[in-house]
Amino acid sequence: MKATHYLISYDISDDKRLRKVAKIMEDFGVRVLYSVFECHLTSVQLEALRRSVEPILDPLEDSVRYYPICERCEKHIEHLGRDKKLLRHKEYDIL
C-alpha cells in the first residue's frame, strides 16, 4: 500500500486535549513545529489517525488540517535551520 506525505497542523484550545492530540500525532509522524507534523501515511493509517483524533476534539473550538503533498511537490520541500528528518515508515514483506 502506497504512503502519501502529509503536513498536519492543529489548533487545540484546551491544554489537556492538546496533549492528547500531540501524543497521537507523535505515533504517526515527526513534529516539525509546535503544532505541525509531517507524516507518511497509507490510507489505512490516515483513517486510523483521524479516528483517534476526532473524538478528542471540540468542533466548536479546535481545528485539525490534513494537507496531502504530492510526490512531485515533496521533492521541492525546502528546509532551513534545525534538522527534523521525517521518519519514513518502511514496508516489509514477511517470507
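Tyr 10 touches Leu 18, Val 21, Ala 22, Met 25, Arg 31, Tyr 34, Ser 35, Phe 37, Ser 63 and Val 64, leaving out residues up to four places away in sequence. Contact here means heavy atoms within 4.5 Å. Tyr 10 is also among the residues with the most contacts inside the largest nonpolar core. This is a predicted model: local features need pLDDT of at least 70, side-chain atom pairs count only at pLDDT 80 or more, and totals for chains, interfaces and linings use all residues. Residues are numbered from 1 along each chain as its sequence is written, and side-chain values use heavy atoms, with hydrogens and water left out.

**Overall layout**

- The protein chain has 3 helices and 4 strands. Helices (H or I, at least four residues) and strands (E, at least two) are DSSP runs, numbered from the N terminus.
- Along the sequence, the elements follow the pattern β-α-β-β-α-β-α.
- Of the 95 residues in the protein chain, 33% are buried. Buried means under 20% relative accessible area, exposed means over 50%, and partly exposed lies in between (1.4 Å probe, protein chains only).
- Take the contacts between residues at least 6 apart in sequence: 74% of them join residues at least 24 apart.

**The sheet**

- The 4 strands form an open sheet in the order β2-β3-β1-β4, with antiparallel pairing. Two strands count as paired if DSSP finds at least two bridges between them.
- The edge strands are β2 (30-33) and β4 (63-69), and each pairs on one side only.
- From one strand to the next, the twist averages 30 degrees.
- Strand β1 (residues 4-11) and β4 run antiparallel and are joined by 7 bridges. Tyr 6 has Pro 68 in β4 as its bridge partner.
- Strands of a sheet pair through backbone hydrogen bonds, either parallel or antiparallel.

- Helix α1 (residues 15-26) lies across β1, β2, β3 (36-41) and β4. It runs at about 170 degrees to β1. Axes are lines fitted to C-alpha atoms, for helices over the stretch in contact, and angles run from 0 to 180 degrees between N-to-C directions.
- The largest nonpolar core has 18 residues. Such a core is a set of buried Ala, Val, Leu, Ile, Met, Phe, Trp, Tyr and Cys residues joined through side-chain atoms within 4.5 Å.
- Ile 8, Tyr 10, Met 25, Leu 41 and Leu 49 have the most contacts inside this core.
- Two or more core residues come from each of β1, α1, β3 and α2. Helix α1 gives the most, with 5 residues.

**Salt bridges**

- The structure holds 5 salt bridges. Each is a side-chain nitrogen of Lys or Arg within 4 Å of a carboxyl oxygen of Asp or Glu.
- Arg 17, Glu 61 and Asp 62 are linked in a salt-bridge network.
- Glu 61 and Arg 17 meet through their side chains at 3.2 Å, N to O. Glu 61 lies in the loop between α2 (43-53) and β4, and Arg 17 in helix α1, so this pair ties together parts that are 44 residues apart in sequence.
- Arg 17 also meets Asp 62 in a salt bridge, at 2.7 Å, N to O. Asp 62 lies in the loop between α2 and β4 and Arg 17 in helix α1, so the pair ties together parts that are 45 residues apart in sequence.
- Arg 17 is buried, with a relative accessible area of 17%. Asp 62 is buried at 10%. Glu 61 is partly exposed at 48%.
- Arg 51 forms a salt bridge with Glu 47, with the closest N and O atoms 4.0 Å apart. Both residues lie in helix α2, 4 residues apart, about one turn of the helix.
- Arg 51 is exposed, with a relative accessible area of 55%. Glu 47 is partly exposed at 36%.

**The annotated position**

- An unreviewed UniProt entry carries the annotation "binding site" at Asp 11. UniProt positions are given in the numbering used here, feature names are shortened, and annotations may be inferred rather than shown by experiment.
- Asp 11 is found in strand β1. Asp 11 is exposed, with a relative accessible area of 54%.
- Leaving aside neighbours within four places in sequence, Asp 11 is in contact with Glu 61, Asp 62 and Ser 63. Glu 61 and Asp 62 also belong to the salt-bridge network with Arg 17.
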